[in-house]
Amino acid sequence: MFESLQERLSGILDALTRRGALSDADVQAALREVRRALLEADVALEVVRGFTDKVRERAVGAEVVKSVTPGQMVVKIVHDVLVETLGSDAEAIDLNAPPPVAIMMVGLQGSGKTTTTAKIAKRLAERSKRKVLMASLDTRRPAAQEQLRVLGEQISVDTLPIVAGQTPVQIAHRAMQAARLGGYDVVMLDTAGRQFVDEALMAEMAEIEAAARPHEVLLVADALTGQDAVNLARAFDERLSLTGIVLTRLDGDGRGGAALSMRAVTGKPIKLVGTGEKLDQLEEFHPGRIAGRILGMGDIVSLVEKA
Amino acid sequence: ARSSSALGQSLTGLLRKRRLDEETLEELEELLIQADLGVETATRITGRLARERYDKEISAEEVRAVLAAEVAAVLGPVARPLVIDPAHRPHVILVVGVNGSGKTTTIGKLAARFRREGRRVVLGAGDTFRAAAIEQLKIWGERTGASVIARAQGSDAAGLAFDAMKAAREESADVLLLDTAGRLHNKADLMAELEKIVRVIRKQDETAPHDVVLVLDATTGQNALNQVEIFRKVCGVTGLVMTKLDGTARGGILVAIAARHGLPVHAIGVGEGIDDLQSFDAGEFARAIAGDTEAA
Ligand SMILES: Nc1nc2c(ncn2[C@@H]2O[C@H](COP(=O)(O)OP(=O)(O)OP(=O)(O)O)[C@@H](O)[C@H]2O)c(=O)[nH]1
Ligand SMILES: Nc1nc2c(ncn2[C@@H]2O[C@H](COP(=O)(O)OP(=O)(O)OP(=O)(O)O)[C@@H](O)[C@H]2O)c(=O)[nH]1
Ligand SMILES: [Mg+2]
Ligand SMILES: [Mg+2]
């Protein structure tokens, strides 16, 4: 079903026996296939446009090294631009602020916020030896607060006691208060899922941010997201001081184009990725891996690198 | 979908164009791609449009209408409601899908609908894995007046399916809605568990499950095609529900899915509330994709 960019490009470019620099026409033909490959990987159309422009600039006139085909050369350039756009350096969660440091989790319904909240808490507690408190501000979804409480038990991280009838903003205040009094280093604030066109909930989310003044505001988004990734990332970025993105469900077989879309429109780093339902399945983001996935290719890049 | 206004705007930009030329077709194709139809489906639809109207004078309104008609032609045949067969006691509906797609919520909404129709409903808490998944379903049981069959978290999901079948039969329930844990279709062990659940159900009623509903999230892009393909293979999906169409999520992948699989689309989710489940209207959905601001 799935044809990698490399295979497609070889059809077009490898027919050219000509060596030397890539011509404008070569690149033009290749870019049509690049565009299609990116769209099939769910990279948003507007991001694809800007991206192919960048690739064109870099590719036209590029010298094709002896041991590779023009197709492989173009793929290598596409790959490099992908990695650059995705953010070459890994950025960790930043705890460099006076405790308690608040980390607020936001995103669409079902994207994986609550699970990721627990995963990050576990990591900060175990690896960074921080004293962590988790609080669920989700008063909407049935059993959402209970879900976080159970996860807290599983990872031996404290959760803010559930008080019925409080608003999310009130819970945020209570969480910060409890964290100060209890000497916690970090407070994880899990919020309810929301559609970004839901004005009331988007306003509520901004209020929570104002109340808790989080040091990190992480957008949790599904790696399987389609074209809407740009709109959702932009909408959350406009209403909050987003500090990063967490991409979940990378254990799926999705191509992950949403990563590029969201990174490109917000400029915010993808800090972590979720690779399963278990609470230790949280990893650092590797742009190279996502780039390879988006392009659906194996070792072509290392091949060109060696050349 | 509210996305229609954004698409509507870009289509209005076509108003100035008088001919259905290459450029216009390309713009239409891009509209469809942005609605998640995928390159292949988008190209096929605009191709059909081109065959019929190429180089003819056409207004933006007409473009919109013809485009909507092409999309509706694909979707029309799949708009089919979930029908409960009273001969089954219970009519067993297995609900499956990837993580977080909206299975449990959809079960709650369906239960509410069946209860309104005066049916006796049993819910099986087959997600024995995720934290508080059982509590979540129990709350939906309370909201809808359906009884909930559950075991402790961590128990065997197939065992729970057995319990739920047995209880629903003993209660002489009209409908059994069986919830399952979210699972990505590329995980062989979890998919095997689903097969086992189906086997256990069949042991008690070889005609069951009478429906296997795959719940898809409208925000999902091209991966939804893989989801349908594999869930269908493993557990014989008989119909779809698409959730979260209250966002700007466009759900256009449904067009590609309809073209390839022809599976019925039973309903759409348009919110988190108990009444936020609507029957799937192909025409309305198509108009929203084509940018008709009156739709949705
Ligand atoms: N396979 C996989 N599943 C995940 C991952 N992260 C979360 N999940 C699952 O996705 C589903 C939804 O996760 P939640 O953490 O409840 O999502 P949420 O964003 O808090 O959902 P709402 O609060 O309802 O908006 C659950 O079944 C999780 O187990 C991941 O990285 N991989
Ligand atoms: N806006 C909106 N939210 C929905 C819709 N359907 C479900 N949700 C929300 O999506 C989130 C996930 O829904 P669930 O029903 O828990 O999803 P699930 O598939 O059972 O999730 P897992 O069991 O964890 O795999 C919850 O926050 C729901 O309230 C819908 O149609 N619109
Ligand atoms: Mg949650
Ligand atoms: Mg569920």
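1. Charges in chain A: there are 38 positive and 42 negative ones, and their mean positions sit 1 Å apart. Keep in mind that this is a predicted model.

2. The chain has 307 residues, and 59% of them count as buried.

3. For the fold, I get twelve helices and ten strands in chain A. If you look at contacts in chain A with a separation of 6 or more, 78% of them come from residues 24 or more positions apart.

4. Helix 2 of chain A is worth a look. It covers residues 24-40, so 17 residues by the helix assignment, and reaches 24 Å from its first C-alpha to its last, close to the 24 Å expected at 1.5 Å a residue. Buried residues in helix 2 include A:Asp26 and A:Glu33, along with A:Val27, A:Ala30, A:Leu31, A:Val34, A:Ala37, A:Leu38 and A:Leu39. After helix 2 comes A:Asp42, with a positive phi near 75 degrees.

5. Now the contact with chain B: chain A puts in 37 residues and chain B 41 residues. About 3,500 Å² is buried between chain A and chain B, with 52% of it from carbon and sulfur atoms. On the chain A side, A:Pro142, A:Asp253 and A:Glu277 lose the most area to chain B, together 17% of what that side buries.

Note on methods: Residues numbered from 1 in each chain as written. Chains lettered and ligands numbered in written order. Predicted model: local features only at pLDDT ≥ 70, side-chain atom pairs only at ≥ 80, totals over all residues. Heavy atoms only, no water. Helix = DSSP H or I, 4+ residues; strand = E, 2+ residues; numbered from the N terminus. Expected span 1.5 Å × (residues − 1). Buried < 20%, exposed > 50% of the residue type's maximum accessible area, 1.4 Å probe, protein only. Contact = heavy atoms within 4.5 Å. Lys, Arg positive; Asp, Glu negative; His and termini not counted. Charge placed at Lys NZ, Arg CZ, Asp CG, Glu CD. Buried area = accessible area lost by both parts, 1.4 Å probe.
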